[in-house]
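Hi,

Here is the structure we talked about. Please open it first, then read my notes below.

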Amino acid sequence: MSFADIQKRAIAEWDALRHGPTPGILVGAGTCGRAAGAEAVLAEIDRELTQRNIDAIVMQVGCVGLCYAEPLVDIIKPGRPRICYGNVTPEIVAQLIEDYLVKGNPRSDLALGTIGHGVVDGIPNLFELPMLKSQVRIVLHNCGFINPTNINHYIACGGYSGLVKALDMKPEQIIEEIKRSGLRGRGGAGFPTGQKWEFCRKSPGKEKYIICNADEGDPGAFMNRSLLEGDPYSVLEGMLIGARAIGAKVGYIYCRAEYPLALERLRIALEKLEEYRLIGDNILDSDFSFHLKIKEGAGAFVCGEETALMASIEGKRGMPRSRPPFPAVSGLWGKPTNINNVETWASVAIIMQKGADWYANYGTEGSKGTKTFSLAGKVERTGLIEVPFGMTMRQIICEIGGGILAGKRFKAVQTGGPSGGCLPSDFLDTPIDYDSLTSAGSIMGSGGIVVMDEDTCMVDVARFFLSFVQLESCGKCIPCRWGTKQMLDILEDITNGRGKPVDIELLQELAQSVKDGSLCGLGQTAPNPVLTSIRYFRDEYRAHIEEKRCPALVCNALISYYIDPEKCQGCMICLRACPAGAIKGGKRVVHVIDQDKCTKCGNCLNVCPPRFGAVIKTSGEKPAIPEEPVPIGFAGNTDAGQQ
Amino acid sequence: MGGYFEDAYFKAVSRETVNSECEMANPSGAQGTQALLAEQGTIVEERLNEILSSYEGREDELIPILQQVQQGFGYLPEPALKKIAKFLKLPASTVFGVGTFYAQFKLVPSGRNIIKVCRGTACHVRGATGILGEVKRQLGIGPGESTPDLEYSLEAIACFGSCALAPVVVIGHNVYGRMTPARVKEVLGNVGGEK
């Protein structure tokens with residue numbers, strides 16, 4: 001079958017779903033959706049439809065990015081625009097099927113928005129929502145809209161037309177097209193993709209490899225997972241185009257084992273590609289042959305580094321080696337190898353489909369196109385977003401993310417994972433691209449954005465990242481292996497109230513040694529979270545060291561819990577909930593926490609009824625309270641109370 | 001590395017799995033343990049042959065083989081590692097090196113239910129420490145440990161990539177998002193009910 005015939009058949013199937021006589025129910029069942037309860041929703045849909053004997057197409061789709069409103073369910077009713085519903089529970093499923101599918105009431109109270117042409121009273125267009133309005137969805141355009149296991153859906157939406165175009169082009173022309181698009185590597189370093197391909201193409205050698213780095217290890221990042229779960233075919237199309245341009249006959253996808261759903265979707269996609277003869281020998285009857293293998297990672301952050309990743313594919317411990325020689329000259333099994341990130345490959349597919357000039361319209365002078373980010377942490381609307389380069393962090397956090405959770409104050413934004421840094425509010429209005437983030441002391445990284453509010457302790461965050469890199473250091477370079485350990489020890493001291501005034505300087509000095517003396521990106525960037533937090537939040541370090549006080553009330557060793565004698569009603573709820581038996585008191589008697597016994601678990605604060613709000617969490621100060629339980633109303637008469 | 005195989009491994013594995021049974025059968029301990037391990041060895045060998053039959057013996061198959069063995073046995077038994085080394089014509093030290101490098105691989109048996117608490121950045125700022133503390137209190141074990149009856153193991157994981165629904169706990173194939181300390185008991189209860 002020719003590609004034109006494949007396309008025709010795919011479009012017919014896609015149109016039948018969108019405009020056919022049978023209603024469709026689409027459930028966002030990526031990992032986020034499942035974590036929020038999509039599986040229970042799917043089961044309920046199935047039950048309801050069977051019970052009512054309704055014929056409908058039920059389909060699992062990837063993540064549209066509105067993770068804060070998961071589980072998401074879209075309903076397509078013949079002759080009406082598709083409607084997206086958020087925060088769907090099994091109970092709501094029953095209502096939607098009864099009210100909308102059976103009776104025709106679109107339940108605007110439960111709807112988030114409509115998708116496609118047509119208007120439904122009382123429901124906005126989904127893409128007019130504040131979270132989606134300023135986004136430009138290029139790489140993610142299929143996520144949440146097509147069935148990621150159905151190759152026909154991808155083809156009907158323009159898929160593999162980029163590959164067909166590439167098959168008619170000379171490899172050098174493809175590379176030229178990618179160069180012209182201005183695409184830079186989306187894995188973090190931002191190296192120009194076309195140039196990277198050219199190096200590998202020109203390297204002598206018959207056998208060459210390409211690799212897709214899907215070892216998204218940065219804690220706080222999930223863009224690649226969502227893309228692989230929601231639109232795996234785009235990544236594979238990009239790899240096919242890259243293989244053609246570079247002259248590789250074999251490729252690998254190295255995906256971390258923590259992403260079982262992404263791996264499953266990739267395996268299904270590969271099978272389908274084989275079935276359609278879009279992979280293997282003589283693809284679409286051309287002279288181009290390409291084979292692809294999936295390699296499952298085994299849990300090592302350092303394998304995100306390209307030389308470590310290749311060692312891991314070869315079956316070895318994932319330890320980086322020095323460069324040069326670069327992988328383009330000597331990579332996998334000593335052969336020229338080109339590694340790109342998941343998002344880079346998906347971008348290649350869309351660039352070939354729509355043209356380099358179209359793509360280069362987006363972004364800034366030095367950073368073309370769009371970037372996907374995972375927005376998480378203390379922000380109202382968490383999710384997966386895609387914006388053009390040049391947007392400011394304020395737009396991302398306030399417009400798209402809806403501001404800080406629960407009206408709290410913004411403190412910092414963390415980008416680039418353990419290799420990145422924590423940037424303060426001064427940075428919010430800087431346009432984001434590779435260079436602006438680097439000059440601020442952070443990095444773009446793969447695109448994780450974690451927002452932190454006033455309740456986040458920056459010293460604790462620095463300690464958190466250090467404990468991560470210290471565990472994940474492969475151990476090859478001593479400055480990384482031991483330097484991060486020493487830095488972690490100092491940070492542990494500071495957060496435990498044992499900090500010394502020289503510690504800040506010592507940390508900076510050690511950080512420089514670790515940066516200078518490490519072979520790979522892990523060690524070279526490991527001190528970044530510490531350095532940026534010292535640079536922008538030195539006061540917090542000093543409060544910990546000099547006053548033994550944690551201003552954000554996070555570091556356990558520096559905080560204490562007390563019970564306000566004026567507010568305590570002697571209800572005994574906290575007394576019973578205390579696992580350490582540290583609370584003394586009785587019925588209608590003001591409770592007192594024994595500070596020696598208290599383990600600072602915070603249970604008392606959580607269980608104290610909000611209408612009393614009697615438990616106080618403080619750091620560095622001791623409120624005036626009685627030492628022993630006293631009857632309610634007598635608290636003011638004690639000596640302690642008069643201090 | 002020989003020390004590992006002959007000594008450390010023996011201690012680590014035998015204490016967890018077979019010691020109690022041996023002590024009942026043979027109060028003097030060691031001899032019975034050896035015998036049981038040998039017996040266990042033949043079972044391991046049979047199942048291992050089955051796994052290895054689908055591989056060609058290339059070095060790059062080492063990690064996939066270890067993954068399959070771990071899936072089949074729940075951990076990497078010592079006789080299996082030795083046999084894999086022979087099969088791939090690699091020094092046992094290399095196989096051991098890879099087996100200990102990656103976080104996924106375990107050298108001692110894990111509990112039937114593995115409770116994985118995410119400690120990623122988003123989970124951390126949204127209260128993962130409190131979740132981990134509550135799981136620790138409920139199970140009475142710390143990360144990397146198993147309950148004495150091998151019913152539960154607790155692991156702190158770098159990041160599951162479900163950051164938008166932080167904090168997250170993963171048990172088997174189920175991902176529990178938007179966790180609170182109060183929900184820990186309920187989630188652990190579900191697991192107990194499913195077994």
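Which element gives the most to the lining of the second largest pocket? Strand E9(A) does, with five residues. Some ground rules first. This is a predicted model, where local features need pLDDT of at least 70 and side-chain atom pairs count only at pLDDT 80 or more, while totals for chains, interfaces and linings use all residues. Residues are numbered from 1 along each chain as its sequence is written, chains are lettered from A and ligands numbered from 1 in the order in which they are written, and side-chain values use heavy atoms, leaving out hydrogens and water.

**The second largest pocket**

This pocket holds about 1300 Å³ of space. Its lining has 45 residues, and Gly187(A), Gly188(A), Ala189(A), Gly304(A) and Glu305(A) are the closest to its centre. Four elements of chain A give two or more residues to that lining: helix H9 (193-202), strand E9 (337-341), helix H17 (434-439) and helix H21 (521-525). By class, the lining divides into 14 nonpolar, 21 polar and 10 charged residues.

Terms used here: a pocket is an open set of points on a 1 Å grid over the protein atoms alone, with protein on both sides within 12 Å along at least five of seven lines; lining residues have an atom within 4 Å of a point. A volume is the space filled by probe spheres set on the points, which are joined across faces, edges and corners. Helices (H or I, at least four residues) and strands (E, at least two) are DSSP runs, numbered from the N terminus. Nonpolar means Ala, Val, Leu, Ile, Met, Phe, Trp, Tyr, Cys and Pro; charged means Asp, Glu, Lys and Arg; the others, Gly among them, are polar.

**The largest cavity**

The whole structure has six cavities of 30 Å³ or more. (In a cavity, a 1.4 Å probe fits but cannot get out.) About 90 Å³ lies in the largest cavity. Its lining has 13 residues, and nearest its centre are Pro320(A), Cys474(A), Cys477(A), Cys480(A) and Cys520(A). Eight of the lining residues are nonpolar, four polar and one charged.

**Where chain B meets chain A**

Contact (heavy atoms within 4.5 Å) links 34 residues of chain B with 61 residues of chain A. The two chains bury about 3500 Å² between them, 58% of it on carbon and sulfur atoms. That is the accessible area (1.4 Å probe) lost on putting the two parts together, summed over both.

How many salt bridges cross this interface? One. Asp60(B) pairs with Lys295(A), with the closest N and O atoms 3.5 Å apart. (The rule wants a side-chain nitrogen of Lys or Arg within 4 Å of a carboxyl oxygen of Asp or Glu.) On the chain B side, helix H4 (62-73), helix H6 (92-101), helix H7 (121-125) and strand E4 (174-176) each give two or more residues. The chain B side has 18 nonpolar, 10 polar and six charged residues.

**Backbone points to check**

Most residues other than glycine have a negative phi, and most peptide bonds are trans. Here are some exceptions.

- Arg323(A) to Pro324(A) is a cis peptide bond, with omega near 0°. Pro324(A) is in the loop between helix H13 (306-313) and E9 of chain A.
- Ala166(B) and Pro167(B) are also joined by a cis peptide bond, with omega about -5°.
- Leu284(A), not a glycine, has a positive phi of about 50°.
- Ala406(A), not a glycine, has a positive phi of about 55°.

Best wishes
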